[in-house]
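Please look over the structure below before reading on. The numbered points after it go from one residue to the whole chain.

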Amino acid sequence: MTLFWIAIVLLATAMAGLLAVALLRGQRHTGPAEAFDLQVYRDQLTEVDRDLTRSVISDEDAERLRTEISRRILAADAKSNSTGAAGSQPYTLGVSVAVLVAGFLVGGSYWLYSQIGAPGYGDLGLATRLEMAEAARENRPSQQEAESQMPPTKETEIQPEYAALVQRLRSAVSERPDDLQGHVLLARSEAAMGNYTAAYAAQQAILSIKGNTATGKDYADLADMMVLAAGGYVSPEAERVLEAALTRDPENGVSLYYMGLMMAQTGRPDVAFRLWDRLLRQSPADAAWLPPILSQIEEMAFRAGVSDYQVPTIVDMPGPSTDDVEAAGEMSTEDRQEMIRGMVARLSDRLATEGGTPEEWARLISSLGVLGDEAQAIAIWNNAQGVFANNPEALDVVREGARAAGLVL
């Protein structure tokens, strides 16, 4: 680091010295500008005499031109005498400007580096940064360590009757450990109450019961609950579950989103950006992972070195408009999340008062699931089942949103 500072000081001082010398030696050895004017006027007089000899102009015109050119010669000569033939600049002014330029160059360079540089930070080539990212990925905390560092959380407020039903479900599942449907209901219920550790324990039991028939979505649901239990952190254990999910379903959106999040958390924003950008462009507009991607994709593009990234427009279904997305890019992470929650709340209010299409109901339920408000998602899903009880096709559309939120199989 000492060599770096020595090199920077020497370079800045050398450049400042060159500029100062140029300013202090600011002499016009070619003479003042008026000297060029005098030479031009003399040439014009010669040209007038030549034109007169060739009878191109008359005697009267020649006399008039000589008078005008002579007048200009006298004016230029007077101006040249007043400014000085040498065209030299005041010495004091030259020294003052040289000192200001040198101070600005040296001091400004130091100030600029102190603002946008990293004093004391060693040189990090691409290979070194990749090694650091890989080390961070290999040595990151385990699932258990991450959960132990989580602050105590209160359970989601639910109706006493629902809490009693969940308690009875826990007892029934403990007595019948091979009851697949019981574990499915328990995993969803625990997640809805915010008991994510208990939820993913029930989901692990589901995978054990299903064995080789477990789907990519089953594994993605487990990873989702593990990440939520760790406060949004993708642990090595959760990564292995995501890999298992993608082995069974390479296009599973939840797994791809969390793999991108894991890359972002371990120093590979470039990989995270590529994953999220591809997922954003290929996903349907009602995909549950769109809101979290939209809230982070521009920051990830910046971290990945993509300065001119344009968020793709989502037009298939009601959701954030182009203006909303552009506005979100100028907000902090908290403000973007708040904006998304506001849009979800407005959609919820409109559906409650005016109704809406099955696609809008599905979008609302899946968005609530992604935002972690699973209790509200369950309530909306229950309401939708009543609204579309006589329309099986519409109810199937809404059920897809509930499935994306993890409320149904």
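1. E360 sits in helix α18 (residues 358-370); helices (H or I, at least four residues) and strands (E, at least two) are DSSP runs, numbered from the N terminus. This is a predicted model, in which local features need pLDDT of at least 70, side-chain atom pairs count only at pLDDT 80 or more, and totals for chains, interfaces and linings use all residues. Residues are numbered from 1 along each chain as its sequence is written, and side-chain values use heavy atoms, with hydrogens and water left out.

2. Is E360 buried or exposed? E360 is buried, because its relative accessible area is 8%; buried means under 20% relative accessible area, exposed over 50%, and partly exposed in between (1.4 Å probe, protein chains only). The side chain of E360 reaches the backbone nitrogen of T357 at 3.0 Å.

3. The protein has 20 helices and 0 strands. Of its 409 residues, 37% are buried.

4. The whole structure holds 4 aromatic pairs. Rings of Phe, Tyr and Trp (its six-membered ring) pair if their centres lie within 6.5 Å; planes under 30 degrees apart count as stacked, over 60 as edge-to-face and the rest as tilted. The ring centres of Y257 and W276 are 5.4 Å apart and their planes are at 15 degrees, so this pair is stacked. Y257 lies in helix α12 (residues 253-265) and W276 in helix α13 (residues 269-282), 19 residues apart. Both Y257 and W276 are buried.

5. For W361 and F388, the ring centres are 5.9 Å apart and the planes at 90 degrees, so the pair is edge-to-face. W361 belongs to helix α18, while F388 is in the loop between α19 (374-387) and α20 (392-404), 27 residues apart. W361 and F388 are both buried.

6. There are 19 salt bridges in the whole structure, each a side-chain nitrogen of Lys or Arg within 4 Å of a carboxyl oxygen of Asp or Glu. One of them joins R54 and D51 (2.7 Å, N to O). R54 counts as exposed because its relative accessibility is 52%, whereas D51 is buried, with a relative accessible area of 16%.

7. Another salt bridge joins D277 and R281 (3.0 Å, N to O). Why are D277 and R281 separated by about one helical turn? They are 4 residues apart in helix α13, so about one helical turn separates them. D277 is buried, at a relative accessible area of 15%.

Note on methods:
A polar contact is a pair of N or O atoms within 3.5 Å; within protein, one must be able to donate a hydrogen and the other to accept it, and residues adjacent in sequence count only if both atoms are side-chain atoms.
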